[in-house]
Amino acid sequence: MSTNNPKKGVITGAAFLMATSAIGPGFLTQTTVFTEQLAASFGFVILITIVLDIVAQLNIWRILTVTGLRAQDLSNKLLPGLGYLLAALIVLGGIAFNIGNIAGAGLGINVLTSLKPAYGAIISCVIALLIFAMKDAGGMVDLFTKVLGILMILLTLYIAISSHPPIAEAIVKSFNPDVVDAKAIVTIVGGTVGGYISFAGAHRLIDAGMKGQNHLRQVNQSAVTGILVTGFMRSILFLAALGVVMSGVNLDASNPPASVFKFAAGNVGYRFFGVVIWAASITSVVGAAYTSVSFLRSFHPWIDKHHKLLTAALIITSTVIFVAVGKPVQVLVFAGALNGLILPIALGLILVASYKKRLMENYRHPEWMQITGWIVVISMSSLSVVLLQDWLK
C-alpha cells in the first residue's frame, strides 16, 4: 500500500465531513423553500454563495493548518479570551443545529419504517454513538460521511432527472436573475460555511496531523472539494425542486423537500427522501458533535482525554431535547441565521491572525486571499445587517 493512501483518505474525509455537516435537514428545507420563492433566479444565489464559500473556507483552512492550531487556540493567542467567546458561539450553534439534525434523522426513519420520529431519533442517536465509540473514530467518521454523502447525491440526482427541470432557464437566470435576495444569500452561506461547519474539515485535518506549509496543496484540494460537493448537491436539489414547482405543484409547507421527491417520483421518490434526509441528518449529527467538541478539547487536559464522552453527551442531550419537546423548527431556523452571523466574526478573527508574524512564523498568507476574505467579511456583515433590519420590522 502506498504511504500516500492514508493522507488521501484524510483529505477526502475532511472534505466530506465538511460537506455532509452542511447538508442537513435545514439545507434540504432552505434549498427547496428558496427555489419555490425565487424559481430559476435561485441559481444566482447558489452561484454567488459557492464563490463566497470557497473564499471563506480557503482562508480558514489554510491559516489554521499552517499554524497547526484549532480556531479557538489561534483566537486566544491573538487576544486572550477571544477563543472562549468563539467556542461558546460555535458550541451553542452546534447544539441548536443538532436538535434539528436528530429530528431530521427521526423523520427519515419514520418515512422508511413508519416508526414514530422519536424512536427513529433514538435509533439514530445510538448509531452515532457507536461510530464515536470505535477505536479509530476519526477514520470511521471519514468513511461514514463519504459513503452516505455519495448515496444521497445519487438519489437526489435521480429525482432531479425525474422532475424534468427547465435547465436552460436555470442557467440563464443564474447569471441574469429577476431578483436578488439578501436573506437567501446570508442563509445559504451561513448554512454552508457558517458556525461550526467551516471548521469541521480544518479541525479534522489538524487532528490527523496535517499541519504546516508542506500540506497546503492538499488543504486547498480538500477545502475546495468540500464546497463543490455541497454546491453540487444544492444544485441538483434546486433543479429537482424547480422542475416540480414549474409544473404548477404547490409544495407542502410542513415538509417542502418531501413534496419534491414525492411529486417527482411517486412513492419510490418518497422512500428516497427518507434515505436522503436520514443520511443528511445523521452525517450532520456526527459533524456537528465532532466539531463542537473539537472547540473545547484544548481548554483542559481532562476535556481532551474524555472528548469521546463529551461528544456522546452532546448527541444524547440533543436527542433528549428533541424527544421531550418535538421538532424545534424555530430553533433550527434561528441556528441557521446565527451561523450566518457568526461567519464574518470568525473569518475576521482568522484573517487578523494571518497578519501576525508571531503566530504565522515564516508563512505569508497570499494577498489575494486576504483581500477576497475581507470582501466576504464585509459583504456578509452588510447582508446580515439587512437581514437583522428585516427581522426587527
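Just after helix H10, Gly 209 takes a positive phi of about 90°. Helices here are DSSP runs of H or I with at least four residues, numbered from the N terminus. This is a predicted model, where local features need pLDDT of at least 70, side-chain atom pairs count only at pLDDT 80 or more, and totals for chains, interfaces and linings use all residues. Residues are numbered from 1 along each chain as its sequence is written, and side-chain values use heavy atoms, without hydrogens and water.

Now step back into H10 itself, residues 197-207. Ten of its eleven residues are buried, so the rest of the structure largely encloses this helix. Buried means under 20% relative accessible area, with a 1.4 Å probe and protein chains only. Among the buried residues are Phe 199, Ala 202, His 203 and Ile 206.

Those four also meet Leu 64. Leaving aside neighbours within four places in sequence, Leu 64 is in contact (heavy atoms within 4.5 Å) with other residues too, including Leu 74 and Ile 350.

Next comes the largest nonpolar core, with 125 residues. Such a core is a set of buried Ala, Val, Leu, Ile, Met, Phe, Trp, Tyr and Cys residues joined through side-chain atoms within 4.5 Å. Trp 61, Leu 64 and Met 233 touch the most other members. Helix H12, residues 256-294, gives the most to this core: 17 residues.

Last, look at helices H2 (residues 25-38) and H9 (residues 182-193). They pack at about 165°, with axes 11 Å apart. Axes are lines fitted to C-alpha atoms over the stretch in contact, and angles run from 0 to 180 degrees between N-to-C directions. H2 and H9 are therefore roughly antiparallel, a term for angles over 145 degrees. Gln 30, Phe 34 and Leu 38 of H2 meet Lys 183, Ala 184, Thr 187 and Ile 188 of H9.

Terms used
Buried means under 20% relative accessible area, exposed over 50%, partly exposed in between (1.4 Å probe, protein chains only). Helices (H or I, at least four residues) and strands (E, at least two) are DSSP runs, numbered from the N terminus. Angles under 35 degrees count as roughly parallel, over 145 as roughly antiparallel, 65 to 115 as roughly perpendicular and the rest as oblique.
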